[in-house]
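Please look over the model shown here.

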Amino acid sequence: MAQRECQERRHKRVERLLSDSRLPLEKSWSALDLKRLPAKVVQQARTLLEGSFVDRRENVLVFGQPGSGKTHLLAAISQELVRAGRKVLFRKCGLLVQELLAAKRDLKLPRVLKNMAGYEALVLDDLGYVQQSREEMEVLFMLLAERYERGSVLLTSNLPFSGWEAIFKDAMTTAAAIDRLVHHSVIVEFNVSSYRAEAAKKAKQLRTEPTKPTVASEANKPPE
């Protein structure tokens with residue numbers, strides 16, 4: 001009975017952590033199509049599943065074209081981290097920046113950053129789409145600086161490092177942000193085409209392919 005009680009408590013804790021994480025639960029490891037990923041990416045992903053990078057406060061930086069599966073990979077790995085009992089938070093980068101700006105206006109930014117420090121891993125999805133004001137850049141940089149060597153950052157970006165000045169607005173801040181992320185990190189490069197584009201292409205081909213006559217229809221065809 002004691003063992004069953006421990007299992008039930010662990011199950012409830014995992015369910016609570018999953019709900020708190022805001023992870024897209026449909027993007028699970030079992031739903032990930034590993035066959036379309038490069039062998040190196042699959043090897044890196046399986047290593048990251050162990051979760052030891054979180055203990056070392058290492059970051060995971062995933063680069064690739066839109067629709068290539070970057071978000072799915074990090075969401076799947078993060079779900080397994082949660083199931084192992086770790087605290088993870090998943091946020092779209094653009095939305096999180098707006099929340100940080102609102103907290104700054106309300107003089108609550110230190111409290112929000114302290115709360116986020118309680119998560120062992122922070123997933124920032126779609127960093128490349130944050131290309132707005134200097135004020136947005138400042139709160140994003142502050143977040144990255146606060147987590148440096150204190151907690152893991154897992155991020156996806158469709159922009160290589162050479163394009164990050166469009167996000168952080170000047171060369172010095174860009175270099176400082178990259179330095180903090182890369183210092184202890186695993187870099188995963190998705191050199192694959194867009195999954196959504198592939199799916200759309202297959203659907204189009206199915207719609208345009210001529211319908212082949214069935215055996216029954218051939219049998220009923222009148223003789224010439």
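## Basis

This is a predicted model; local features need pLDDT of at least 70, side-chain atom pairs count only at pLDDT 80 or more, and totals for chains, interfaces and linings use all residues. Residues are numbered from 1 along each chain as its sequence is written, and side-chain values use heavy atoms, with hydrogens and water left out.

## Chain overview

The protein chain has eleven helices and five strands. These are DSSP runs numbered from the N terminus: helices are H or I with at least four residues, strands are E with at least two. Of the 224 residues, 41% are buried. Buried means under 20% relative accessible area, exposed over 50%, and partly exposed in between (1.4 Å probe, protein chains only).

Residues 24 or more positions apart account for 85% of them. The chain exposes about 13,500 Å², and carbon and sulfur atoms supply 52% of that area. Accessible areas come from the Shrake-Rupley method with a 1.4 Å probe; for residues, only the protein chains shown count as cover.

## Helix H9

H9 holds the twelve residues 171-182.

Thr173, Thr174, Ala177, Ile178 and Leu181 are the buried residues of H9. They fall within an arc of 130 degrees seen down the axis, so they line one face of the helix. The arc uses directions from the helix axis to the C-beta atoms. Their packing partners are strands S1 (59-64), S4 (152-157) and S5 (185-190), plus helices H7 (134-147) and H8 (165-168).

## Salt bridges

A search of the whole structure finds nine salt bridges. Each is a side-chain nitrogen of Lys or Arg within 4 Å of a carboxyl oxygen of Asp or Glu.

Glu120 pairs with Arg86, with the closest N and O atoms 3.2 Å apart. The pair links distant parts of the chain, 34 residues apart. Glu120 is partly exposed at 30% relative accessibility; Arg86 is buried at 14%. Arg91 bridges to Glu99, with the closest N and O atoms 2.1 Å apart. Arg91 is buried at 10% relative accessibility, and Glu99 is partly exposed at 37%. Arg150 bridges to Glu146 at 3.3 Å between the closest N and O atoms. Shared partners join Asp55, Arg86 and Glu120 into one network.

Terms used. The expected span of a helix is 1.5 Å times one less than its number of residues. Contact means heavy atoms within 4.5 Å.
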